Amino acid sequence: MSWGVNWKASVGLLGVGIKYLAVTMLVPLVVAVAYGEDIWVFLVSMALVAGIGLAVERVDPDPDLGPREALLFVSLAWLAAAAIGTVPYLLAGYGTASTVGLQTGSFGAFTESIVNALFESMSGFTTTGATVLGEISTDQHSHAVLMWRQLTQWLGGMGIIVLMIAILPEVAVNGAQLMESEAPGPELQKLTPKIAETARALWLIYFGFTIVYIVILYGLHLAGMAPNMDLFNAIAHGFTTLPTGGFSPQADSIAAFSAVVQWVVIPFMLIAGVNFALFWHVLRGEAEIMLKNAEFRAYAGAVAVVTAVLAVMLFRGAAPPIELGGATQGVTENSLRQAAFQIGSLLNSTGYATADFAQWDTDAQILLMFAMFIGGSAGSTGGGVKVVRWLIVGKAIRRELFTSAHPDVVQPIRLSGRVVDEDAIRGIMSFTILYVILFAVSAVFLSLDAARIGTQLTMLESTSASLATIGNIGPGFGRLGPFGSYLFFPDTSKLLMVFLMWIGRLEIVPVLAVFISAMDSR
Amino acid sequence: MHVVVIGAGEVGTSIAGSLASDHEVVVVDVDPDRAEQLKYEIDVLTIAGDGTSSEIQTAADVGRADMVIACTDNDQTNLVACGTAKTLGDGFTIARVKSTDFLRTWQGNEGAFGVDFMVCTDLLTAENIVRVIGLPAAIDVDPFASGLVQMAEFEIAEGSPVAGQTVSEADRFESLTFVGLFRDGELTIPRGDTGIEAGDRAVVIGSPESVQAFATDVAPETTPDEADDIVIVGGSEIGYQTARLLGERELRPRVVEKDQERARWLAEQLPKSVVMEHDATDAEFLTRENVDDSDIVVTALGSDEQNLLVAVLAKRLGVDRVIAVVDSPDYVTVFEEIGIDIAINPRTVTAEEITRFTYESVAENIAVLENDQAEVLELELTEGCALVGRPISEMVSEIDARFVIGAITRGHQLVTPRGDTVLQPGDHVILLVDSDSVSEITSMA
């Protein structure tokens, strides 16, 4: 028996996906037409991507995936999506001062522009929201390119594989295998007997929330309560809230909009951190399943507690009166809004901001960092370790302590009344440890690599850069704050962060499994 | 009555033995030697052969039988035997099963598998154990409607919290009915404002859980509660069912099981119990886990020898009450003679249940109270009988007899009787009747 992987099958199927990615570029194309911008950028991108797709598809016209091929396919699919996503950036910025545009002046500039574009694209598809765009404004970039940036997050949110299973019959054949490798969280919930129907249900819920959200945002604009939230902005933010993305075409993120808009964004960010399968149950009239779900309760509890603590801290003056965010000391509404917004954004890995929390006191920043460690729920679009894993890790530790006093006691771990499989617990423990190790090692690497080119990172900068990329969160602290940029990192660090975003979105396991299986076969 | 008994093990033999004197009994057993031997032990006709085959059943004249009792050691055999019997005739079929799955299927679908009455040995035994553990304060306890309903009689002791209360104050449980009060040997039909005094004997009917909760009110000292430590040794089906039923009564038994996989299974099934994986014959383990300080130990291991060993060990370590499951009926007295508090034999329990069933006519189940002053009856209501089709309050005022309806089961679900409840054909009604009115009531059902 061969330990090798039939890579041709994985790559062949990849071609199918790439081909359809070209179709999604119709959205920025329409924007370009609407704003009278250069339409050649996206026309050429579409032709190029479709051509690549058709060519790659021919590697294996009739792909049949086993478990290892599925893992390889899923890992490659995200890498390929990120690579394909760079095409419009490189073309649109060609010859301009854009940080993501293709530069041909020198070899160094050439590679740097490609790394920047890859960083931006990976940050988009993995819904991270970290940016190297430099100046974010429609003076510097076309509306079409900014919309493409938003769209990548929306496509990546519920998972590009889940999307492919939902609409592409070629992929649906191998659906269950693939979805288990991609869907966030330790356990795949099959809602319907057919996996394609499950994928479709999840995407419809996702789509439905997005539409409702855009309508509300634009409705506020029409009602005169949100002067800056025009149709472009409503759609652009609609694309990045539900996938817990965090990209915004505004340099000031959500701080560019009125308090009413900020209050509307908060619940939608929180929704994005909930397991979407629970909404499916609610739509079927089984709301009690959601209310009894242990992870949902823990998530809601964590959000409430951390928000309350932060609100008190802000009220007591943990934030200096800064330009963005305004004064919070002694102001109840603003303290509560800033606390709820920042926690709603960082706890489940969205990455929007309404205040420059990088300028807050260290104690408030540490609390935000703690929230970043929690993550969203399994089956949500959020990143991070995920609430359910922390719950199980906590229960496993408690059991360990109890059984050391009573060695004979047999104690299964239960979640929402159901017994959790011991293999799953072992998997979750190793995932969590691996996550922490990768986070710590990467933080060290980023510090050293920055020092190599003569830049000193602060403690909060290096740790938050590592955590914000592996957790698909986006903004960090210091120069990486919500209105800052990752641009100053050296290329090697950016590539590491591209890897962290990739591995973090796939929850480490598929990527490492592919590496280990490749090493085994040698 | 022509009765066919399939399976001549201990249960079958015991049933056949108690029916042989009054009825025409045919016993079928697959083992020719056993069939031959039984012929001389008791006065029955025996046939050697497979009890599920229609050829053998025809030879046993099942087509003419009033009752077919399938009580081999194998569940599937018993179910198929009943199914076959239904194709041959219209006799009442009784199946003995071990699996509670089959019981649940049967309870959900009247007449499933061609079985008219199903007795689940292990569950029945567990129910017995739980009654012994849970209601030490009761003078008399009887199950009705295959365990869904319990009747219990309590003596109200001096200083009981219930003494001095009225009936409506004491009866604060949804599915419990206060049906009778004996004072100085005289029956009173209680009303809401009837006062309860020390020395009275109260009769209640309701779900086993509510009876248990009432017992805690009546005798908080003797009735076990959450704080009491109950240890079940052996995670056999009986041990499991006992733990499960105790859990339903808000008790938290600990279970000891040696086998790793079984222990894991038990721990998964019994969220309210602590399951320990260890050999219970290890005295050092028993002391380490403070089993010696526990209030009640139940031994439900696979073999009598092990049960005996653990029971004696537990008694020596100073456990208050030790209840042992004994597989062989011959050893029951041996266990009790050497000081084990209660020994329960599953086969005897099963045989008694089936035999009791064969005795009963319209009234399916009877308990006699206080020197036959009153009886508790279970009636299955037939189409067009005088009790169906109108509210209970109306019925009670019209019928000139002393009785109280304690509980109703409809399709194996408990229905708490209220004044406006309308009885339906097919309902099982559990009621307390003054002995003078028994014939009047049974004639109406």
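Start with a facing pair: B:I230 stands opposite B:I296, which belongs to β15(B). Strands here are DSSP E runs of at least two residues, helices are H or I runs of at least four, and both are numbered from the N terminus. This is a predicted model, where local features need pLDDT of at least 70, side-chain atom pairs count only at pLDDT 80 or more, and totals for chains, interfaces and linings use all residues. Residues are numbered from 1 along each chain as its sequence is written, while chains are lettered from A and ligands numbered from 1 in the order in which they are written.

That facing pair is part of a parallel pairing between β12 (230-233) and β15 (296-299) of chain B, made over four bridges; strands count as paired when DSSP finds at least two bridges between them. Zoom out and you get an open, mixed sheet of seven strands, ordered β1(A)-β14(B)-β13(B)-β12(B)-β15(B)-β16(B)-β17(B). At the edges, each pairing on one side only, sit β1 (409-410) of chain A and β17 (342-344) of chain B.

Now for the helices lying across the sheet. Helix α10 (260-269) of chain B lies across β1 of chain A plus β13 (254-257) and β14 (274-277) of chain B, and runs at about 175 degrees to β14(B). Helix α12 (304-317) of chain B covers β12, β15 and β16 (321-325) of that chain, at about 180 degrees to β16(B). Axes are lines fitted to C-alpha atoms (for helices, over the stretch in contact), with angles from 0 to 180 degrees between N-to-C directions. Contact means C-beta atoms, placed from the backbone, within 7 Å.

Next, a helix pair. In chain B, α6 (121-134) and α9 (237-248) pack at about 50 degrees with axes 8 Å apart. They are therefore oblique to each other (under 35 degrees is roughly parallel, over 145 roughly antiparallel, 65 to 115 roughly perpendicular, the rest oblique). Residues making the contact include B:L123, B:I129 and B:V130 of α6(B) and B:I238, B:L245 and B:L246 of α9(B).

Methods: Two residues are in contact if their C-beta atoms, placed from the backbone, lie within 7 Å.
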